[in-house]
Amino acid sequence: MSGAGSGSGAPKLHIVKKLTEQLLTTYKDINRKYYEKKKKKQAEAKHKSGDRNATYDYRIKLHEKLDERYRVLESIGKGSFGQVVKAFDERESKPVAIKIIKNKEAFRIQAKSEMDLLKLLNRH
């Protein structure tokens, strides 16, 4: 009886080991193909874009004037929805932070939602 049990376990372990090795190879191959495709898409998008880069971000220019009011002083940071710049509000004569949303519909929808929430909070 012990011979039958030990004989059947070894082939199962071998199969599991083979599947695991093949699975890792498959994942590595999928990752390689995914990142090659992503890199190609980004290069194509960058080639097609005007004032925006491959990630749909606005290309900030220092000292540029936004909305004929805000003078861009520096980039503060970037995030998944866009970027934030430090600017000077020439009408109010004070520094401000401006969030510039990526140029993609999903981000605009989210930004609108965020603006509505901020307006609601500012009323109370």
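Modeller: The side chains of Arg 69 and Asp 89 meet in a salt bridge, with 2.8 Å from N to O; the term denotes a side-chain nitrogen of Lys or Arg within 4 Å of a carboxyl oxygen of Asp or Glu. Arg 69 lies in the loop between β1 and β2 and Asp 89 in strand β3 (residues 82–89), so the pair ties together parts that are 20 residues apart in sequence. Helices (H or I, at least four residues) and strands (E, at least two) are DSSP runs, numbered from the N terminus. Arg 69 counts as buried at 16% relative accessibility, and Asp 89 counts as buried at 2%. Here buried means under 20% relative accessible area, exposed over 50%, and partly exposed in between (1.4 Å probe, protein chains only).

The model is predicted: local features need pLDDT of at least 70 and side-chain atom pairs count only at pLDDT 80 or more, while totals for chains, interfaces and linings use all residues. Residues are numbered from 1 along each chain as its sequence is written, and side-chain values use heavy atoms, with hydrogens and water left out.

A further salt bridge joins Lys 102 to Asp 57, the closest N and O atoms being 3.6 Å apart. Lys 102 lies in the loop between β4 and α2 (105–123) and Asp 57 in the loop between α1 and β1, so this pair ties together parts that are 45 residues apart in sequence. Both Lys 102 and Asp 57 are buried.

Within helix α1 (residues 2–48), Arg 32 and Asp 29 are three residues apart, separated by about one helical turn. Their closest N and O atoms are 2.5 Å apart in a salt bridge. Arg 32 is partly exposed, at 42% relative accessible area, and Asp 29 is partly exposed, at 28%.
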